[in-house]
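Q: I've got a fold with ligands open in the viewer and I'd like to learn how to read it. Can we go through it together, starting with what sits around a ligand?

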Amino acid sequence: MNKVGIIGLGLIGGSLAKALKQKCNINDIIAMDVESNALEKALNEGIINDFTTSIDEHFSDCDIIFICTPVKQISSYVKKLLPFIKDDCILTDVGSTKSAILNELNVILDSTNFHFIGGHPMTGSEKAGYSASRGHLFENAYYILTPQPSTPKEKIDQLKSIVVSIGAIPVILSPQYHDLVTASISHVPHVLAAALVNMVKALDSTDKYMHKLAAGGFKDITRIASSSPEMWHNICMTNQKEILYVIDYLIEILTRFSSAVRNKEDDYIWNFFNSAKQYRDTFSSRSPGPFMKTYEIIVDVVDEPGIIASIATLLSKHGINIKNIGIINSREYENGVLQIVFDDEKSQEKSVKLLEEMNYVIYKK
Ligand SMILES: NC(=O)C1=CN([C@@H]2O[C@H](COP(=O)(O)OP(=O)(O)OC[C@H]3O[C@@H](n4cnc5c(N)ncnc54)[C@H](O)[C@@H]3O)[C@@H](O)[C@H]2O)C=CC1
Ligand SMILES: O=C(O)C(=O)Cc1ccc(O)cc1
């Protein structure tokens, strides 16, 4: 992979440019955006080495082009790029919804021979723009790919290897299934976060006590309500069927729960929270999810300077490679604990043994 094109140099486009430059040594990156500020900043930082504000011959020698604009612009950029790109160029996007883009491209996908592979990194932030971009954004994140049945395996493998080289974990899904999964775990949760914030805004009285007293729980569950309205507007307009299916299901759950509260159904209410707790407790706060097994341990450590360094030194002295290490401050572990992620089960087991010998308490293996 020699030359990469990026259309839309915001949070995701900028993070991709940084990751490709910093982790994959790709030194020929051209970016396009409607805003020149981000382009100039990235050029000055040496992240990209060329930019343009229109689609033209600049993209003719790109080996891969990532389209990182809001979802509704993506298919039109595919169409604009087609006259300029070379035959073996991979066109991919990072949009949060997939079927609508492909539906708009169907006719040309059938009649033209080019390689479009949908993509969606399952990582991001409530912040937008190039200034919020980070080269390590994709580390340990799932990165969904939705190739066409006709996409050559060689092209899928090329894109997969780029995904791996920026630190992410590729997962192949159909566009339709992608849209149902993301409607459930991302799109409707964002709708709900915004609904909760709008609810409090409407119910709060002039003394603003709700705003003043909103505590950790409310802030945790509504963090994502600070995301870009443009992005979420685009997502709801392009994943209508799946979002409606999930919202209707959620309404059924709330309606049933409301009746349980009205009728004081003791067992139902207890089980409602208990079953949610049991399932929520199976989601690790750092591991990326159910697709790939992670080998992690949670160590109870006193909060004193140098503790991470001394554990890391002990493990490295015994030849154990640490994939990820950091303090977690979550409600599960009141005082904060050290989470260490390893590459394999052998390293995990060896570390548990070594740390237990040093009298560390290990919570989770
Ligand atoms: N923000 C997130 O957490 C995630 C976003 N995505 C997807 O990534 C894509 C980009 O999102 P972000 O980077 O978060 O947004 P962003 O707002 O940070 O960046 C979008 C960039 O596209 C540019 N842009 C807007 N309209 C354009 C047009 N017509 N032509 C060229 N450039 C244009 C903007 O100037 C901006 O630089 C979206 O499709 C979104 O659904 C995917 C995963 C996570
Ligand atoms: O910040 C968060 O929690 C997110 O949910 C980020 C995010 C936003 C949109 C996506 O399509 C994927 C990930």
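Predicted model: local features only at pLDDT ≥ 70, side-chain atom pairs only at ≥ 80, totals over all residues.

Q: Okay, which residues surround ligand 2?

A: Ligand 2 has S96, M122, T123, G124, S125, E126, S186 and I224 around it. Sorted by class, that shell holds 2 nonpolar, 5 polar and 1 charged residue.

Q: And how many residues surround ligand 1?

A: Here the count is 27, with G8, G10, L11, S96 and G124 the closest. S96 and G124 also turn up in the list for ligand 2. By class, the ligand 1 shell splits into 13 nonpolar, 12 polar and 2 charged.

Q: Which elements supply at least two residues of that ligand 1 shell?

A: Those are α1 (11-24), α3 (71-81) and β6. The largest share, 3 residues, is from α1.

Q: What joins β5 to β6, and how do the two run?

A: Strand β5 (residues 90-93) is joined to β6 by 3 bridges, and the two run parallel. To find one of these on screen, pick L91 and look for its bridge partner in β6, F116.

Q: Now zoom out. How is the chain divided into domains?

A: Domain 1 takes 3-173, domain 2 takes 178-280 and domain 3 takes 295-364. Taken over C-alpha atoms, the centres of domain 1 and domain 3 are 36 Å apart. The C-alpha trace spans about 65 × 60 × 45 Å along its principal axes, and the chain has 13 helices and 12 strands.

Q: What share of the contacts joins residues at least 24 apart?

A: Take contacts between residues at least 6 apart in sequence: 71% of them join residues at least 24 apart.

Q: Last one: what is the mean pLDDT of the chain?

A: The mean is 92, and 94% of the residues reach 70 or more. The model also scores ipTM 0.98 and pTM 0.84.

Methods
Residues numbered from 1 in each chain as written. Chains lettered and ligands numbered in written order. Near = placed C-beta within 6 Å. Nonpolar A, V, L, I, M, F, W, Y, C, P; charged D, E, K, R; others polar. Domains from an automatic or database assignment. pLDDT = per-residue confidence, 0-100. Helix = DSSP H or I, 4+ residues; strand = E, 2+ residues; numbered from the N terminus. Contact = placed C-beta atoms within 7 Å. Pairing = 2+ DSSP bridges.
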